[in-house]
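This text walks through a structure one part at a time. Please keep the sequence and the model in view while reading.

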Amino acid sequence: MKQTKVFLILLCMVCAGVAFITIEKHKPTPLKFIIPKGWTKPAFDFKRNPLTQEGFELGKKLFYDERLSKDSTISCASCHQQFSAFATFDHPFSHGYNNSFTTRNAPALQNLAWQKEFMWDCGINHLEVQPITPIVAENEMAETLENVILKLKRDTAYVRMFKAAFGDATINTQRMNKALNQFMVMLVSSNSKYDRVMRGEDTFNLPQRLGYEIFKQKCASCHKEPFFTDFSYRNNGMPLDVTINDIGRMRITGNKNDSLKFKVPSLRNVDITYPYGHDGRFFTLDNVFEHYRKNMQPIHTTDSLLKNKLYLSNFQIGQVTAFLFTLTDSTFLKNPMFAAPAYSKQTILHQH
Amino acid sequence: MRKNVTLCMLFSLLYFIASAQNNTVIKLVHKVGDKTLKLHTETYFNQFNEPFTVHKFKYYITGLQIEYENGKKKYTFEKPYHLVAEEDSTTKMITLNKPLKNITTISFLLGVDSLRNVSGAQTDDLDPMKGMFWTWNTGYIYAKLEGQSDSSHAAAHYFSYHVGGYKFNENAARKIVLKIDEKSQPSINEITIEADILKWFAGANEIKISNAAVCHQPGALAMMLADNYKNMFTITAIR
């Protein structure tokens, strides 16, 4: 009798120990989010979705997975390419399912943790619901959420990764988006030459310095440092393209005063995110400057700062361009942490 | 002796389970005027003599609360957000984990509270994959009525009412309060609530399919539809 008791107690202890070890083993590794010096507190809720190594890796796998689209040809990364600061390089519109075009220029994905609303018309109010939009859009990935979740559930690698990131193998929209968000908020670009100069680690050359002064006078009220956007929506005098009829913010609010207002885009990595404008109608920075000083068509909703257009001399355009080139952050563009999982870990031999 | 005690415990447990199963069920019945709704096949006529069929009928019941014991007690349904869909009969039977008697009021929000509209991706019945979510202009669709009508000028004569909106002046969530006059109901097994689709077209506002066949965003039309359909529920039987 006594022996049985001792045995039972021992068994309990062993069980508790095993349980403890198993729980410890399943605890994901926290991932630190570093706020660059002098930047404001991020808008992203890290308590709702704590960053972990496992969550980030899962998010990265999802971001690069073509199976999130209807015919397994398009991933998030198809239109958000790292070498273009996660915009679509050299394309006014991105290419969607079945030879379709998007109707807006894919924005760079950077410093999303500080952004409260998303898309050119800011119709999306939370980063956690943002990934649904391109997945279900007919001219993007054209897939249903049910199918995406089903595909993930059938893949044992995903089951394992969801378990590692969230503690159990439940796979649903919320968890998929939380994982994607973990990858997305880590996309911080804060190490361009401009940033190094601000930190006192580097110096501008003469054109860059002159350009910076002109930029602060002429551009910075909307393209506010350090994000190079004030996150507002404004009409900058781009006339309506009647083949698209994109009325911008008015589509969301239904308010006539919001007609043709679009989000002020960040100018970080601007050199490699061309073409420009919500519909990518400007192929070069020179096109943009010509728009501001000559071609814009102010209407009643055009921003008050631009009612008389924005004069820039040829000389000023040269200097501002030199400054804008300092916003290219090559460490961000080449960071292996953000590269496709297959490329960052192992070499895959393609056999055709 | 020990065997007897065990048996005793087992029986009391069984009795407990059996008594707990004595629940009150709310049964939702969808009607078009005096006819019971049948998807796809049946043609109905609205108040303006416009013919229509129904392909989809869905809505959210949020924060279902029942006042019972002649208004002295309140019972809140455990599931805060419940999506009712005509095509899924299980969603039309709401089992309350409590036998209720002498009910005075049944109330709920028809729609989703504004907080859930701005708090990221939700789970269960609020999972965006349920198809009651606007992806391009974040927000829940609170109620959905889709079908076809020869009076519709939209493509393939479809009509499609998706009602939602949480922002100021666009909030289409409606508080529904159903009062019960019947004096005494010593024990209730089932409460039947009917929802009449005809109420969508007339009431506070006249909405003709020929004039407005499509509502796919928050705004004036969504508000008008919500003001109409908030009167679609009636308690028809308590037994």
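Why is helix H2 of chain A largely enclosed by the rest of the structure? The model is a predicted one, and in it 10 of the 11 residues of this helix, which covers residues 53–63, are buried, so the rest of the structure largely encloses it. The cut-off behind this is that a residue is buried if 20 or more other C-beta atoms lie within 10 Å of its own.

With neighbours within four places in sequence left aside, A:Met184 is in contact with A:Leu109, A:Leu112 and A:Leu127. A:Lys294, by comparison, is 110 residues from A:Met184 in sequence, and the two C-alpha atoms are 37 Å apart in space.

The next step is the division of chain A into domains. Domain 1 takes in 53–189 and domain 2 takes in 193–328. Taken over C-alpha atoms, the centres of these two domains of chain A are separated by 27 Å. Across the boundary, 22 residues of domain 1 of chain A are in contact with 24 residues of domain 2 of chain A. On the side of domain 1 that touches domain 2, the residues comprise 9 nonpolar, 9 polar and 4 charged.

Chain B comes next. Its secondary structure consists of 3 helices and 15 strands. The C-alpha trace of chain B spans about 80 × 40 × 35 Å along its principal axes. Chain B has 239 residues, of which 33% count as buried. Of the contacts in chain B between residues at least 6 apart in sequence, 74% join residues at least 24 apart.

The last point is where the two chains meet.

Note on methods: Residues numbered from 1 in each chain as written. Chains lettered and ligands numbered in written order. Predicted model: local features only at pLDDT ≥ 70, side-chain atom pairs only at ≥ 80, totals over all residues. Buried ≥ 20, exposed ≤ 12 C-beta atoms within 10 Å, placed from the backbone. Helix = DSSP H or I, 4+ residues; strand = E, 2+ residues; numbered from the N terminus. Contact = placed C-beta atoms within 7 Å. Domains from an automatic or database assignment. Nonpolar A, V, L, I, M, F, W, Y, C, P; charged D, E, K, R; others polar.
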